[in-house]
Amino acid sequence: VKILVADDDPISRHAISGFLRKWGHAVVPAVDGSEALTILQADDAPSMAILDWVMPGMDGIEVCKRVRAIPDRHYIYLISFTSRNEKQDLLEALEAGFDDFLAKPVDVRELNARLMVGRRIIELQEKLLLACQMMEFKASHDPLTAVWNRAGIMELLRAQLAKAERNNTNLALLMVDVDHFKAVNDTYGHPVGDQVLKYLAEAMTSSIRAYDWLGRHGGEEFLIIAPDCSPEGALALAERLRAHIAAKPVIADGHAITVTVSIGLVTTEQTHLTNPEALLGAADVALYLAKRNGRNRVETGQGNGAAGQVAL
Amino acid sequence: MDVAGAMSLVAGDDQMLKELCGLFLEQSPVMYANIDQAITAKDSQALQRAAHTLKGAAGALCAVRTIQVAQQLELLARDHDLERAAATSQVLHHEIMALHAAIENFVGVQ
């Protein structure tokens, strides 16, 4: 664990730091309150801090209060280190936001025991944070392909559309549908169909730009959001994707299966659409056109009065 | 200096205790200079802090008498009694010198 030790007395600081290092911790020393606060405000702040109460500049109580006032940051376990041991002092420290109390002069066995309590809390917090992150991922990602799920990609589409409108940049939306996917499932079974979808998600992930977003919209249909991308660039991206997938068969469960995709492409510049549902609808129309015109191809939607609408 | 007490604080780690002793020999003159300066400047707040720091340092070595005198000085500074503080700081200086001798004796024996 990385631990901050703040004390203006070099002897107490050395005693604590020495033992912490001996027990395998990384020690960040500070000689006064302001230095301690600066370190604790940094993004890579230690997860534990032992703060002397009486320090020049800023005392431990003030450092503690300011650390606790920082919004949205990982919990720092704070131990007040002091020779003040009246009940009133204890209450003041706890009220200021300290988690524990370490009496001066420091007794190495007490230090060890207080540290154990702190580690228990920190580990608990880390586990909780990890569980929350996992739940968040699961709520927004497709379990089969690990790309964004419908809710996740739609949320991104709303956010990216708003951003594109704000920055006056073009956003491209690609609706990618696997051709004759039902036949794959019927011929080889659903487990093989799942493998094909997984392969396609990986292939698409490696073909798009690092700042594009890929999601599974449902069934065998994927969505790609390409922000800040010209209509020509978007067409090149869609064509590259289509060709990449058609180029070689998918190997699944010992079968070499030829898979192609049809892509409906729309851009905000060409459609003048800013509403996510409307843009999605236009992409759907373009996709329908790609299917009708023979599959394994890209069609671009032109928005209102578009070729796609006429074709319907 | 209560060697047994100090040794107990570090759970018998005599190497660590020697390091702390060395640090005290090195740093206590600086700490005392801060006290002296605060008295000359009649800055009772700085004096209170400087005395407190020295008390903490002496605490790690279980130097009972130095701790007591430093604490007295801290309280006098808190009460802005700079006249008595000046006299007490002389006593403290004397105690620190005695402590230095005790530490050198301890480190030498070890």
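This is a predicted model: local features need pLDDT of at least 70, side-chain atom pairs count only at pLDDT 80 or more; totals for chains, interfaces and linings use all residues.
Local features here need pLDDT of at least 70, side-chain atom pairs count only at pLDDT 80 or more, and totals for chains, interfaces and linings use all residues, while side-chain values use heavy atoms, with hydrogens and water left out.

**Confidence**

Chain B averages 92, and 99% of its residues score at least 70. Confidence in chain B is lowest in α1(B), with a mean of 90, and highest in α4(B), at 94. The model scores ipTM 0.87 and pTM 0.70.

**Helix α5 of chain B**

Select residues 82-109 of chain B, which form α5 (helices are DSSP runs of H or I, at least four residues, numbered from the N terminus). This helix has 28 residues and reaches 40 Å from first C-alpha to last, close to the 40 Å expected at 1.5 Å a residue (the expected span is 1.5 Å times one less than the number of residues).

Now show side chains. Buried residues of α5(B) include Leu92(B), Ile96(B), Leu99(B), Ile103(B) and Phe106(B) (buried means under 20% relative accessible area, with a 1.4 Å probe and protein chains only).

**Largest pocket**

Next, select Val54(A), Arg84(A), His52(B), Lys55(B) and Glu74(B), the closest to the centre of the largest pocket among its 25 lining residues. A pocket is an open set of points on a 1 Å grid over the protein atoms alone, where a 1.4 Å probe fits, with protein on both sides within 12 Å along at least five of seven lines; lining residues have an atom within 4 Å of a point. The volume is about 680 Å³. α3(B) gives the most to this lining, with 7 residues. The lining divides into 7 nonpolar, 9 polar and 9 charged residues.

**Second largest pocket**

Finally, move to the second largest pocket, of about 270 Å³. Closest to its centre are Asp8(A), Asn34(B), Arg49(B), Ala50(B) and Thr53(B). α2(B) gives the most to this lining, with 6 residues.

Definitions and conventions. Residues are numbered from 1 along each chain as its sequence is written. Chains are lettered from A and ligands numbered from 1 in the order in which they are written. Helices (H or I, at least four residues) and strands (E, at least two) are DSSP runs, numbered from the N terminus. Buried means under 20% relative accessible area, exposed over 50%, partly exposed in between (1.4 Å probe, protein chains only). Grid points are joined across faces, edges and corners, and a volume is the space filled by probe spheres set on the points. Ala, Val, Leu, Ile, Met, Phe, Trp, Tyr, Cys and Pro count as nonpolar, Asp, Glu, Lys and Arg as charged, and the others, Gly among them, as polar. pLDDT is the predictor's confidence in each residue, from 0 to 100.
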